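Biologist: Before we look at this one together, could you show me how to read a few features of a model, taking each general idea ahead of the case at hand?

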Amino acid sequence: MISIKELEVNYENNRRFFCRKRQGQNVIDNLNLKVEKGTCAGIIGESGSGKSTLAKVICGLLRPTSGSLKIEGTSIYSKKKGGLSTGIVFQDYTSSVNPRMSVKEIVEESIIAVGRGDHTVSEYLEMVGLDAGFMYRMPHELSGGQLQRVCIARALATRARVLLLDEAVSSLDAHTQLEIMELLKVLKRKYDMTYLFITHDLLTATFMCDVLHILYRGKIVESCDVSRLSELRHPYARQLMEAIL
Ligand SMILES: Nc1ncnc2c1ncn2[C@@H]1O[C@H](COP(=O)(O)OP(=O)(O)O)[C@@H](O)[C@H]1O
Ligand SMILES: [Mg+2]
């Protein structure tokens with residue numbers, strides 16, 4: 001579903017477009033990743049390891065310095081009709097919505113962006129467990145969990161088959177984290193989606209994911225099936241394991 005080859009991102013080089021000499025460090029460095037259709041792949045890494053940079057590249061918000069990135073065999077820079085190829089849910093739900101827009105307007109924006117599909121705003125809200133009464137509420141009138149549900153509805157409304165969840169549950173309390181993860185699992189089954197679950201938290205990743213990829217300083221240093229966590233060898237991966245044990 002997702003195929004990434006030799007991806008490099010260097011913010012300095014992106015800025016210095018006309019500079020011949022390569023400068024600065026690669027934030028993403030020769031990264032290779034394959035995500036199978038219908039699975040939930042975890043990207044685990046500490047703060048600053050390049051997780052959000054990777055997410056931005058995959059959803060087309062940021063152009064990589066080099067490398068190739070395909071979703072369902074198509075390079076993400078060739079536009080397809082009938083919806084976006086990826087949707088994204090961010091960690092910071094308060095800053096990822098416009099505070100002056102109602103819930104209805106927030107979800108409607110996606111519907112307008114990709115063209116009207118099969119569902120209405122209230123149907124998208126229903127999918128994430130919010131009744132139609134929430135339509136006219138403003139972001140500040142919602143709890144963190146409710147607002148993150150709105151963000152998930154907004155991502156669903158893009159009709160994307162791949163959902164990037166960048167620390168999507170990290171700012172929520174433990175109980176709400178569990179609720180949102182259960183919801184994500186149900187949606188994934190129902191709409192046959194592929195997830196990239198990006199987090200610094202190995203515990204939530206083991207709950208959500210089928211496969212884990214350890215991101216360390218912009219490289220995937222190790223990958224393993226979630227049932228074989230004990231086989232992780234990279235020192236950073238061992239450190240994460242010990243922290244949760
Ligand atoms: N727009 C930007 N311009 C320059 N450097 C950036 C930018 N965004 C992120 N970085 C740098 O890239 C590195 C990785 O950041 P990020 O991808 O946000 O990591 P993570 O999400 O894993 O915490 C950090 O060192 C950060 O300072
Ligand atoms: Mg981040």
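Modeller: Let us begin with burial, where buried means under 20% relative accessible area, exposed over 50% and partly exposed in between, with a 1.4 Å probe and protein chains only; cysteine 151 counts as buried because its relative accessibility is 1%. This is a predicted model, in which local features need pLDDT of at least 70 and side-chain atom pairs count only at pLDDT 80 or more, while totals for chains, interfaces and linings use all residues. Residues are numbered from 1 along each chain as its sequence is written, chains are lettered from A and ligands numbered from 1 in the order in which they are written, and side-chain values use heavy atoms, with hydrogens and water left out.

Biologist: Where is cysteine 151 placed, and which residues does cysteine 151 touch?

Modeller: Helices are DSSP runs of H or I with at least four residues, strands are runs of E with at least two, and both are numbered from the N terminus; cysteine 151 belongs to helix α5, residues 144–156. With contact taken as heavy atoms within 4.5 Å, and leaving aside residues up to four places away in sequence, cysteine 151 touches Val89, Tyr93, Ser96 and Val97.

Biologist: How should I read the pairing of strands, and which strands pair with β4?

Modeller: Two strands pair if DSSP finds at least two bridges between them. Strand β1 (residues 2–9) runs antiparallel to β4 (residues 66–71) and is joined to it by 5 bridges, with serine 3 having lysine 70 as its bridge partner in β4. β4 also pairs in the antiparallel sense with β5 (residues 74–75), over 2 bridges, and there isoleucine 71 stands opposite threonine 74. β4 and β5 form a hairpin with 2 residues between them, and glutamate 72 in that turn has a positive phi of about 50°.

Biologist: How many residues surround ligand 1, and which helix gives the most to its shell?

Modeller: A residue is near a molecule if one of its heavy atoms lies within 4 Å of it; 11 residues surround ligand 1, the closest being Gly48, Gly50, Lys51, Ser52 and Thr53. Helix α2 gives the most to this shell, with 3 residues.

Biologist: Which polar backbone atom lies 2.7 Å from an oxygen atom of ligand 1?

Modeller: A polar contact with the ligand is a pair of N or O atoms within 3.5 Å, and the backbone atom at 2.7 Å belongs to glycine 48. A nitrogen atom of ligand 1 lies 3.3 Å from an N or O atom in the side chain of tyrosine 11.

Conventions. Polar contact = N/O pair within 3.5 Å; in protein donor to acceptor, adjacent residues only side chain to side chain.
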